[in-house]
Amino acid sequence: MPEKRTVKESQRLKDRIDELKHIEAQLRIKDFAIASSINGIAIGDLDGNVTYVNDSALRLWGGDDPEEILGKPITMFAQSQQQAQEIIQIILEQGTWAGEISGRKKDNSLFTVLLSASLVKDEQAEPICMMCSFVDITERKQIENELRIKDSAIASSIDGIGISDMKGDIIYVNKAALEMWGADDPSEVLGTSVLRFAQSEQQASEIIQAILDKGKWSGEASGFKKDGAPITVHLSASLVKNEKGEPVCMMDSFVDITDRKRMEEDLRIKDFAIASSVQGIGIADLEGRITYVNDATVKMWGADDTSEMLGKSILDLASSQDEALSVFAEFLEKGGWSGEISGRKKDGSPITVLLSASLVKNEKGEPICMMDSFVDITQRKQIEKELQIKNFAIDSSINPITLTDAEGKTTYANDAALKMIGAHDISEVLGKSFAEISQSKEEAMAIKKTVFEKGSWSGEISGYRLDGSPIYVHLSSNIVKNENGEPICGMNYFMDITERKQMEEELRIKDFAISSSIQGIGIGDLEGNITYVNDAALKMWGASDASEVLGTSALDLAQSEQEAMEIYQEIVEKGSWSGEASGFKKDGSPITVHLSASLVKNEKGEPVCMMDSFVDITDRKRMEEDLRIKDFAIASSINGIAIGDLQGNITYVNDAFIRLWGGKDPCEVLGRSALSFARSQDEAMQILKAVYEKGDWFGEIIATKRNGTPFAVQLSASMVNNDDGKPICLMCSFVDITERKNTEQRLRKAYESLEQRVEERTEELVRANIRLKKEVEERKAAQESLMQKEEELNIKSLNLEEANTALKVLLKRGEQDKNELEEKVLTNIKELAVPYIEKLRQTGLDEKQELYIQILESNLNDIVSPFLKKLSSHYLNLTPTEIQVANLVREGKSTKEIAELLHISKRAIEFHRNNIRDKLGLKQEKTNLRSYLMSLA
C-alpha cells in the first residue's frame, strides 16, 4: 500500500513539473512576442497607471528609458485628458475600446495612433490590468489630408485638368475641363480617346508621342467643343511616374485661349492700321504728356523719330498757350473736343490741324488717357475758305465721313469711310442706311431720331463691316442746314475705335487674370518697394488687406536679407531669377516659396518695375524633410530591412541586412530573388504565397549567410500598397534569433536533466519501499516468534500495553510535528522565495543569470519534493502575488504600505485581499484576515 501511494505521488510530481514547463515556455514566448512587437504595447493597472511598455511604445513616445513612463497615468500622454478618461471608463465598463486618438510625444509634438485597448482578466474572470496596442498613423493621416487637399485643388482648379492612360484614353476630367468642352457630365468623355477632340489627329498623335518620349510637352493646340465650335488651348502635359520611375498615366492642364488668340489677331490688325494710318493719331496721359504717336503724326510735326515727341506736353506744340489751355479745359470738362487748332512744327513753321480729341475711360467710367486724331489742314487754310476747302477736307480726310439724305440713306462717303466699312467702291454704300450695318437696329433708329429732333448726336456705336466683321466707332452725326436754316442733309463723322475697345478688353482680362490667379503675384518698383499684390499673395502672407504690404520693401519679408539682396541684384543684372526663397508671414511663422521674378521693361527696353510670381512650398519642403528622416530611419535601423518588387527580387537593403547576411556591399544582393536567402526554397515559396494572398506574414525561418552558414531569423513580411490599394512592392524586416534559439535548446536540455533526476528519485523511493516491505516481513516473523512466547510474556503484557499506548502518543505527536514542519517549509518557499524569483525573471536577465535562476528553481523543487505527498497547505490555490500580499498582511502591513512595496495600485491590493478571503473561505465571515493568517502559521 505505501508503495502504490509513493508511485502515484511521484507521477503527480512529474505531471506538475511538465505542466509548469509548458506554462513557462508559453509565457516566455508571449513575453518575447510583446517585447519585440513592431506595434507599441503598454500595460497599465486598473487605476490607469503604466506598469509596462515595450521598446516600440518607448520609441513611439520618443523616450529612451522605460522609467520615464512607468508609474505615470496613461492620461498624461493624450492630447485630450478628458477623452483619455472617457476611454478608460469604457474599457472598465465594456472590456474593450478601439479607434484613433491623438497624443503628445516626449518633446510635446502631436501624433495620432490607432489604439486597441482591452481589460485583462485572470482565470476567475476578475480584472487585473489593462493592455493597449497602438500603431502610429500620424504620417498616414497627414498623407490622407494632403491627398484630400490635392484632390480638391485639382477638382476646383480654374484650369482644365485631365488625366489619361498610356494609350490616351481619358480616365479623369475636372469641372473646368467639362465646362471648357461644353459638357455637363464626366460620362460624356470618360473612356474616350483624346484624339476625338483634336482638329488634327496627326498633331494630337505627335503630341502624345512627344510626351511618351520626353516626359512632357507644352504649347498651343486646337480642337473642337462638344457643339463643334473650334477651341484653342494652351496645353501643359506631363508623364506621371510612380516611385519606381515607371510611367502610369498622362496629366494635362489646359487654358482656353480662343478669345485671346482672336483678340491678338484683332489687336495686331488694329495696331497696323493705326501705325500705318495717314491720319495723325496720338495718345496722352491725363496731364497732357504724349505717350504714343503714329508715323503720320511724326511726319506731320517734321520729326525723324517718335522719341522726339514722347513725354512732351501737347500744350508745347500749340501756337497759343491760352487757346490750348482753353481747349484742354473744355476737353476735360466735356470728355471730348473736336475742331481746328494751330501749332508749330519742329522747325518752328506754323501748322493748323483738325483735331478730334476724346477722353478714354475704363470699364468703371474712370478716365485713363486722352486720344487725339488730327489732320493737317494748314494747306487747306491757306487757300480758299469756302466749299472747295471743305469739300477737299471731307474728300481727303483720313477720318471716315458720310452724308445722308433726309431719310438717313447715304449719298456720299469719303475714302476713309469706304475703307472703314470695307468697301472698294462708293456704289456699295450709296442708298444704304446706317441702320443696315448697325449691330442694334433699335439703337440706330434711336440715334436717327435724336439727330432729327436735336440736330446732332455724338457717341460710340457698334456695327458690322461689309465682310461681317464687327467694328466699333465714335460717331458724330449732325444735320447740315443752308443759309436759311433749312436742313439739307446729314453729316456723319466716324472714328474707328475697334482696336481701342479690344485693347481695353484685353487689359481688363489680364487685370482679372492677375487678380484672381491662385499663384501669389506681386509688383514692385525698381527699389524693391511693393506697389501691387493680388489676393493669393495676401492670403499666403496672412494679411487681409493690401494696405498692410503696399509701400513696404520686399526685403523686409525675407528670412535672410543678404539672400534677398543677392536675388534682387541678379534680377537687376540678368533680368530674371527663379528658385526657392524663405521668408516670414505676417504672424512671424516661416514660409518657403518657389519664386519666379522678372524685370518688366517698356517698349524702349527700359526697366519700369519688377514682377514676382510665387507658390507656397512650405508643406512640400516639410514633407520632403519627413521623408528624408524616414529614409534615414530605415537605413540606420538595427533590424535588417529589405524591399523587393512583386516578383520577390530585392530592390533595396539597409546596412543591418548586409551585416546580417555577412556581406560588404548592397550590390551583392540587389536584383537577387529573396527566395535565394532561405535554406528551404519550398518554405520560402509558401511564405511568399501567404504574403500575396493575405497581405502579410510573421514567423521564424532558417536563412543562410553569404558563407553558407545557416542562422535563424524572425521575419515580418508585408505587401506595400499604393493609394489605390494596389500592391507595388514587398517589405521585409529581419531579426537574428539564432542566439535565442540556442538558449531555448539549452533550456530543453536542462529540463531533460530535471526529468532524469525525477526518475532517479522515483527509483530511490521504489528501493525504499522494497526495504520497507522486507522490514514488514521481518516484523511478521518476529510477531510469530512473539506469539510463541505469548504465554511467557502474559505477566509483562500489562506493562507492554501501557508502553504501547505511550509510544502511540509519541508517534502521533512526531507525525504532527513532521507535517507542520513540511507545511512551513513549503509555505515559506512559496511565499518568500518563488515570488522574488519571478520578479528577478522579469528584470531582463542575461543568459548566465537566467541559468542561475533555473538552477535555484530546480534545487528548491528538490527540497520541497519529499513534502508534496502530504501537501495540504491553504496556500496551494493562491497566486504568487496573492501569497506576497498575504505574507505582508500577516506581518501587519496596511494596504497603502503593501501597494508601495509591490509597486501596484491600492485598488489592485484590495482586489487581491478579496480573492484571498474568498479562497480561504472567509468571504461570508467577519474573521480578521491577519488573525486567521497568523493562526495558520
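The model is a predicted one, in which local features require pLDDT of at least 70 and side-chain atom pairs count only at pLDDT 80 or more, whereas totals for chains, interfaces and linings use all residues. Residues are numbered from 1 along each chain as its sequence is written, and side-chain values use heavy atoms, with hydrogens and water left out.

The secondary structure of the protein comprises 27 helices and 30 strands, both taken as DSSP runs numbered from the N terminus (helices, H or I, at least four residues; strands, E, at least two). Of the 937 residues, 35% are buried, that is, under 20% relative accessible area, with exposed meaning over 50% and partly exposed in between (1.4 Å probe, protein chains only).

Helix H14 (residues 441–454) contains 14 residues and spans 20 Å from its first C-alpha to its last, close to the expected 20 Å at 1.5 Å a residue; the expected span is 1.5 Å times one less than the number of residues. Ala444, Ile447 and Val451 of H14 are buried. Viewed down the axis of H14, the buried residues fall within an arc of 60 degrees, so they line one face of the helix; the arc is that of the directions from the helix axis to the C-beta atoms. The cover over these buried residues includes helix H13 (434–437), strand E18 (456–464) and strand E19 (470–481). On the face of H14 turned away from the buried side lie the exposed residues Glu442, Lys449, Glu453 and Lys454.

Helix H26 (residues 906–919) packs with helix H24 (residues 880–890) at an angle of about 90 degrees, the axes being 10 Å apart. Axes are lines fitted to C-alpha atoms, for helices over the stretch in contact, and angles run from 0 to 180 degrees between N-to-C directions. H24 is therefore roughly perpendicular to H26, a term covering angles of 65 to 115 degrees. Thr881, Glu882, Val885, Ala886 and Val889 of H24 make the contact (heavy atoms within 4.5 Å) with H26 residues Ile909, His912, Arg913, Asn915, Ile916 and Lys919.

Helix H25 (residues 895–902) also packs with H26, at an angle of about 110 degrees and with the axes 9 Å apart, which means that H25 is roughly perpendicular to H26. Here the contact involves Thr895, Lys896, Ile898, Ala899 and Leu902 of H25 together with Lys906, Ile909, Glu910 and Arg913 of H26.

Key:
Parallel < 35°, antiparallel > 145°, perpendicular 65-115°, else oblique.
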